[in-house]
Every structure is written in structure tokens, then in C-alpha cells.
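Hello,

Here is the structure we talked about handing over. Please have a look at it first; my notes follow below.

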Amino acid sequence: MNKKEKTIIYFKKKFKKKINSNSKLFVDLDIDSFEFAKIVIDLEKFLRKKYSPSLIEDFSKLTVEKFSKFFK
């Protein structure tokens, strides 16, 4: 399994919603910045990868696929 698939599995288990790679994190999952920070910490442990974000102007357009690319 790759990072994107593992990330989707994590979100499905945590939020109990139907999620695909084009789902928008902040809109579809309805999370805030504090919950986002907790998700990043959990995924760093789950994926065993370090989170290294890039500059994003509009977080409402952040999809699961783009988010999973930030873990290297």
C-alpha cells in the first residue's frame, strides 16, 4: 500500500465517512486547525514519515491526495 491509500484508510476509520482521494479535508471532514494538528501527529506515527508541508494559500481546496504528498 502507498501513502495515499494508508491515509484514506486512516480517515475512514477515524471519521466514519466515505472518503476518496479527491475529498477535501477541511470541507468534507469538517475539521478545525487543532484537529488538523492532531491528525498530522497521528499520521506521522501511522505512516512512519515526517510531515513537511509546503505553502498553501487556500486550505479549503486541500485534498487527501495533496495532503498525503506532504509526508516524506
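**Aromatic cluster**

One aromatic cluster takes in Tyr10, Phe11, Phe15, Phe26, Phe36, Phe46, Tyr51, Phe59, Phe67, Phe70 and Phe71. Before the details, two notes on the source. This is a predicted model, in which local features need pLDDT of at least 70 and side-chain atom pairs count only at pLDDT 80 or more, while totals for chains, interfaces and linings use all residues. Residues are numbered from 1 along each chain as its sequence is written, and side-chain values use heavy atoms, with hydrogens and water left out.

**Aromatic pairs**

Rings of Phe, Tyr and Trp (its six-membered ring) pair if their centres lie within 6.5 Å; planes under 30 degrees apart are stacked, over 60 edge-to-face, and the rest tilted. The count by this rule is 13 aromatic pairs. One of them joins phenylalanine 11 and phenylalanine 67. That pair is tilted, with 6.2 Å from centre to centre and 45 degrees between the planes. Phenylalanine 11 sits in helix α1 (residues 3–15) and phenylalanine 67 in helix α4, so the pair ties together parts 56 residues apart in sequence. Helices here are DSSP runs (H or I, at least four residues), numbered from the N terminus. Both phenylalanine 11 and phenylalanine 67 are buried. Buried means under 20% relative accessible area, exposed over 50%, and partly exposed in between (1.4 Å probe, protein chains only).

Next come phenylalanine 36 and phenylalanine 59. Their ring centres are 6.3 Å apart and their planes stand at 65 degrees, so this pair is edge-to-face. Phenylalanine 36 belongs to helix α3, and phenylalanine 59 to the loop between α3 and α4; the pair therefore ties together parts 23 residues apart in sequence. Phenylalanine 36 is buried, at 13% relative accessible area. Phenylalanine 59 is partly exposed, at 38%.

**Salt bridges**

The whole structure holds 3 salt bridges (a side-chain nitrogen of Lys or Arg within 4 Å of a carboxyl oxygen of Asp or Glu). Glutamate 35 and lysine 14 meet in one of them, at 3.8 Å from N to O. Glutamate 35 lies in helix α3 and lysine 14 in helix α1, so parts 21 residues apart in sequence are tied together. Glutamate 35 is buried, with a relative accessible area of 18%. Lysine 14 is partly exposed, at 38%.

Glutamate 35 also forms a salt bridge with lysine 38, at 3.9 Å from N to O. These two are 3 residues apart in helix α3, so about one helical turn separates them. Lysine 38 is partly exposed, at 39%. Shared partners join Lys14, Glu35 and Lys38 into one network of salt bridges.

Glutamate 44 pairs with lysine 50 in a salt bridge, their closest N and O atoms being 3.9 Å apart. Lysine 50 is exposed, at 58% relative accessible area.

**Surface charge**

Which residues form the positive surface patch? They are Lys24, Lys61, Lys66 and Lys69. Patch residues have over 30% relative accessible area and no salt bridge, and like charges are joined within 9 Å. Lysine 61 lies in the loop between α3 (33–47) and α4 (64–68). Lysine 61 is exposed, at 53% relative accessible area.

Best wishes

Definitions and conventions: Patch = residues over 30% accessible without salt bridge, like charges linked within 9 Å, V, L, I, M, F, W, Y side chains within 5 Å. Areas by Shrake-Rupley, 256 points an atom, 1.4 Å probe, with all protein chains shown as cover. Lys, Arg positive; Asp, Glu negative; His and termini not counted. Charge placed at Lys NZ, Arg CZ, Asp CG, Glu CD.
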